[in-house]
Amino acid sequence: MDDRLHDPIQKLSDGVVAARKKTLGFRSADLSKPVIGIVNSYSELNLAQLSFSAMAQRVREGVLMAGGMPIESGMIALCDSMAHGRLHEKYILPGRDVMADSIETYVNAHGVFDGLVFIGTCDKVLPAMLIAAIRVDVPAVVVTGGPQIAELNHDVNQSVCADIQRRRRLDVDTERIGDEKYIKSLYLDDLITEEEFVDLYYSTNSTIGICRPYATAGTMNYFTEALGLALSGSALVPELSTEKALRAKDAGVRVVELARRGIRPSAIVNERSVENAIRSVIASGGSMNAILHALAVANTAGVDLDYSGISRLSSSTPFLVDLKNQHTLNMTLFRSAGGVLGVLKRLGSRVHRDVMTVDGVELGTLLDGLPKVGSSIADEGRALAPEGGIRVLRGSLAPRGALFNASNVPRDRLGLSEVRQAAVYDSYELFAADVATRALDPRAAVVIRFEGPIGGPGMREAHRVSEVINHLNLLNNDFLLITDGRFSGASNGFIIGYLAPEAAEPGSPLALVRNGDPIEISIPGNRLDLLVDEAELARRAAEGAPPPPPVPREYPYLRRYRRLVGPTDRGALVS
């Protein structure tokens, strides 16, 4: 007897859903098959996502091969590079939570999915997908985009350079003309025209895939595999390779198996798997943005994690591979050396082997099946440094902590320990005005505040800022930049960000800093201190700290975001 007779509303609803499936092309025999949602972040606005329609087709084939029924849907997908250095960038981090909310809404509102495949890449899209997967807790596999093919970019770059040389003689370093940073420096020095800059910069990103450096997009691909939500060995496969297509098909097959076995994200993402993923990012000098997103993923999964936990992991994780320096180690060589699993295997007893993965087996099984790890991934005895690439600095200026990426500076300069005088700016724009006139003291401690999640609002990156001052040879002279905003994974120098509490939080010492205040930084001691006595800070607080900037009328969502966003050191999640 049909138990639903006792619930006629449920019986009727189920019948209507089955009928509507037939209108979508399901046959009667298909109605009992697992329904697999394909959440595709394809966008014509982002180079890294242009192949995703073809990738979705491969996923679809895998789902059908395994006996499931695929249903594909799109989503908004934001591109950081399009927004860098502009006010529009205030929407990028808030967009992570909007994307996660929209996926959650789509999946839970329909209630028909037995499994999900997420196709995504880039800085905020992947974190949004991970957050959403944990929330809805439906069996899921993530298919990431992949790196560009460097050799193809090189060929296009040389062709573009030769074409310009035919028109006029360029006095350039031909060995560096394929380096984005070198091209930008030529443009800022007016050695090439805007048209030539556009052509040369295009040539360094002329194939489909994520940005070339081991920046946030690459780190998030890496993190997703290390977390166990992407198939092992899949995250760093070049996007246009046939192998990538095969791995997408494998994901379609795998998600049906996960659905039948009932293996959900909640069985994969937990304190132990999150620690594995964070350790592997720290061991490879990944993007500080990935730490922000890891905190968000962890706290979404119910793991109580803040900067204290990051500090504990960093101080006990050796720096094993420098993926930021891709002149000596590109993604192809890294993959052949063992890739993500290779780093996890080198970490040895620090890694929790008993965590489940979407491969359907525990991590330890995958590590045992890995062939010999290549020498480009150091073992502990040959570690590049005893402490991880990403560090947490604490002190009276950052009571809850701030992030510093040691892989952004040469290792022989990591002994920096001194006192600097503060030069305070309440926005990137105010700082940029002094950069433009070069009215900067290269020995100052530049403090840019009210750029955090609440203060911005939206927590913009200081990437374009750091690029310009790097071009002025300030960062190369130990220029010190401190902010409650974010940095790109491609940024370089003594840049300290993600400071907590941010200036807009009640009681934040960052809001009380004034020009000329002494700030002490100690990289060896992981310290960041404001050397102003407590009585003076109390007096300043009584006078009132400066307010964060108002939100423009045409940005209404950001007003809501300012009210709802949580602290940086817990991932800046909207509650």
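Modeller: Start with the labels: helices (H or I, at least four residues) and strands (E, at least two) are DSSP runs, numbered from the N terminus. This is a predicted model, in which local features need pLDDT of at least 70 and side-chain atom pairs count only at pLDDT 80 or more, while totals for chains, interfaces and linings use all residues. Residues are numbered from 1 along each chain as its sequence is written, and side-chain values use heavy atoms, with hydrogens and water left out.

Colleague: Take the open sheet. What is the order of its four strands?

Modeller: Strands of a sheet pair through backbone hydrogen bonds, either parallel or antiparallel. Two strands count as paired if DSSP finds at least two bridges between them. Here the order is β2-β1-β3-β4, and the pairing is parallel. β2 (69-74) and β4 (140-144) are the edge strands; each has a single partner, so one side of each has no neighbour in the sheet. From one strand to the next, the twist averages 20°.

Colleague: How many bridges does β3 make with β1, and how many with β4?

Modeller: Five bridges pair β1 (residues 35-40) with β3 (residues 115-120) in the parallel sense. Asparagine 40 has isoleucine 119 of β3 as its bridge partner. Another five join β3 to β4, again running parallel. There, phenylalanine 118 stands opposite valine 142 of β4.

Colleague: Are the faces of β3 covered or open?

Modeller: In a regular strand the side chains alternate between the two faces of the sheet. Buried means under 20% relative accessible area, exposed over 50%, and partly exposed in between (1.4 Å probe, protein chains only). Both faces of β3 are covered. Gly115, Val117 and Ile119 are buried on one side, and Leu116, Phe118 and Gly120 on the other. Six of its six residues are buried, so β3 is largely enclosed by the rest of the structure.

Colleague: Next, helix packing. At what angle do α5 and α12 cross?

Modeller: Axes are lines fitted to C-alpha atoms, for helices over the stretch in contact, and angles run from 0 to 180 degrees between N-to-C directions. The axes of α5 (residues 125-136) and α12 (residues 288-300) come within 9 Å and cross at roughly 5°. That makes α5 roughly parallel to α12 (under 35 degrees; over 145 is roughly antiparallel, 65 to 115 roughly perpendicular, the rest oblique). Contact means heavy atoms within 4.5 Å. α5 contributes Pro127, Leu130, Ile131, Ile134 and Arg135, and α12 contributes His293, Ala296, Val297 and Thr300.

Colleague: Which residues touch the most other members of the largest nonpolar core?

Modeller: A nonpolar core is a set of buried Ala, Val, Leu, Ile, Met, Phe, Trp, Tyr and Cys residues joined through side-chain atoms within 4.5 Å. The largest has 128 residues, and Ile278 and Phe431 touch the most other members. Its largest share, 10 residues, comes from α5. Beyond its neighbours within four places in sequence, isoleucine 278 is in contact with Phe223, Ile291, Ala294, Leu305, Ile310 and Leu313. A second, separate core of 31 residues includes Leu416, Ala422, Ala511 and Val513.
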